[in-house]
Amino acid sequence: MAMAARPWGRSDTSGREQRQADRQRHAARCSGARYALDRRARLSDLCLAAGTAAAQIAASTLFAGWQRHVSDCDGSAGAPVLPRRRAHAVRGRIARRLVSGVWGEDHASVVPSAISLVLRFELPQGEIMRRFVTIALAVLATARLAFAPQPVMAADEPVVVTDIAGRTGTLPRPAMRVLLAEGRQIIALSLLVPKPIDFIAAWLGDFRRNDSESYAQYRRKFPEIDQVPVLGIGSDGTFPVERAIEIRPDVAVLGVSFAPGGRANDVARQLEAAGIPVVFTDFFVAPFEHTVASVRILGRVIGRDARANEFAEFYEQHMRRIAEHVARAAGPRPRVLLETHAGVADCCHAPGAGNIGRFVTFAGGDSISASVAPGPTAQLSLEYVISANPDVYIGTGGAHLRASGGLVIGPGFEAATIRERLAAVVARPGFAGLNAVRSGRVHGLFHNIIATPLNIVAAEALVRWIDPQTARDIDPDATLAELNARFLAVPLQGVYWIDQK
């Protein structure tokens, strides 16, 4: 049979030729992805050199997202992409909304053009678009913090403060030299001012001793931190009152253990007798109840009320989302063992109904230690833990457990090391038969985040672990990214919560 003649300009495309054409298109697409990755790497380097909080987000999330996209391209099929024109339009709309929300409408026509110039390439669908929004928000928010004027109380205006113990007093002016009886409160200060070191006249050494890796992060940003006078190692019984009086701070910010009725209340009495005002805050004994109030008190003391209120609104908004989720949850509450300072020896230190135990209940869990210890701490026997048979196990740890073989987690530790230590913790005798271990619901949490205003991300991690099926809209990673971009003078960098598997 004679074959029909083919029209000029047309040819039969064999399967082999079609596959070759597909490969060429795929190669071109992936070449663009690699080029975009290279551009983002250079952008991240520039941001890192600038030392902004948004740089940490750009380097860790945007770069990682495109690295994964390039890895996909190295396989047999490329990631889907938005058409170039549509992607550009979507980016422009998002950028305009972000700018108008962060900078105001007057800038909404200018900054999106700059963003479009930086981000002019094809975007894969889904995850990378979410990452773009996060990065853009981080960059814009950081720019706002860097360049927008911050409301500050007049330097000579008296400050009336009601502290967490309910005592009301007046400072002659906002404090510029603060004595911190709890060194870890530098994290609260870093939410309020871009250079918290400038506000610390002296402090106790608990932050450096108990959280050495976080201290190292602050040292890299503020080398002068080593010059801040250290009054003691962090124990109430070793507080050197005479040395504190010699330093003459504008105010002493003390924890509630120093308050009337506390075990170290004589320290406050002596300081006040020497003419040094004392203000009490609490991020440790009852952080669930006192975190927001304590941030506002600290902001009031240093003349940063507006900034403190901004953080308080952020914190309360996220806590409301958790409460709304838990209110919708159905079925019995999972039984939870939260072991503090999780080690490989005796079982088990745990919170009671107070302290972080309050967060467990708030996040929808039934803490097995709350019923046996109404206070802030509990000591559980292995026999009790086995009989209670928790559905979820959460161990807390940090660099302070490095030498003892306990759970290390937080800045300075890789995920593989953390999981190895976590596996050793639940390999203790009696743990293998627990529901939590058999079902793989074993998790690790950075202990020192609890006694700071950043416990909001711990609360979000808890609800994700306690109700993983329906809490997918609660994202502690995104919350941490926003904290880094909008508030923290020294962004958190590290693994602060983790799943064993």
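Q: Two strands pair if DSSP finds at least two bridges between them. With that in hand, in what order do the 4 strands of the open sheet stand?
A: The order is β4-β3-β5-β6, and the pairing is parallel. Strands here are DSSP runs of E with at least two residues, helices are runs of H or I with at least four, and both are numbered from the N terminus.

Q: Before going on, what kind of model is this?
A: It is a predicted model, in which local features need pLDDT of at least 70 and side-chain atom pairs count only at pLDDT 80 or more, while totals for chains, interfaces and linings use all residues. Residues are numbered from 1 along each chain as its sequence is written, and side-chain values use heavy atoms, with hydrogens and water left out.

Q: How many bridges join β3 to β5?
A: Strand β3 (residues 178–180) is joined to β5 by 3 bridges, and the two run parallel. Within this pairing, Leu 180 has Val 253 of β5 as its bridge partner.

Q: What holds paired strands together in general?
A: Strands of a sheet pair through backbone hydrogen bonds, in either a parallel or an antiparallel manner.

Q: Now the whole chain. How many helices and strands does it have?
A: The chain has 18 helices and 13 strands. Of its 501 residues, 51% are buried, where buried means under 20% relative accessible area, exposed means over 50%, and partly exposed lies in between (1.4 Å probe, protein chains only).

Q: What share of the contacts is between residues 24 or more positions apart?
A: Such residues account for 70% of the contacts with a separation of 6 or more, a contact being heavy atoms within 4.5 Å.

Q: Let us look at β7. Is it enclosed or open, and why?
A: Strand β7 is largely enclosed by the rest of the structure, because 4 of its 5 residues are buried. It pairs in the parallel sense with β9 (residues 366–367) over 2 bridges and with β11 over 4 bridges. Val 336 has Ser 367 as its bridge partner in β9 and stands opposite Val 392 in β11.

Q: What about Glu 339, buried or exposed?
A: Glu 339, which is found in strand β7, counts as buried because its relative accessibility is 1%. Its side chain makes a polar contact of 2.6 Å with that of Arg 428. A polar contact is a pair of N or O atoms within 3.5 Å; within protein, one must be able to donate a hydrogen and the other to accept it, and residues adjacent in sequence count only if both atoms are side-chain atoms. Leaving aside residues up to four places away in sequence, Glu 339 touches several others, including Cys 347, Cys 348 and Tyr 393.

Q: Which bond joins Cys 347 and Cys 348?
A: A cis peptide bond joins the two, with omega at about -10°. Cys 348 is placed in the loop between β7 (335–339) and β8 (349–351).

Q: Which loop holds Arg 248, and what is its phi?
A: Arg 248 lies in the loop between α9 (241–247) and β5 (251–254). Its phi is positive, about 55°, although it is not a glycine. Arg 248 is partly exposed because its relative accessibility is 42%.

Q: Where is Leu 271?
A: Leu 271 is in helix α10 (residues 265–273) and is buried, with a relative accessible area of 1%. Its C-alpha atom is separated by 7.0 Å from that of Val 241, 30 residues apart along the chain.

Q: Finally, which residue caps α18?
A: Asp 475 caps the N-terminal end of α18, with a side-chain oxygen 3.1 Å from the backbone nitrogen of Asp 477. The buried residues of this helix (residues 476–486) include Pro 476, Leu 480 and Ala 485.
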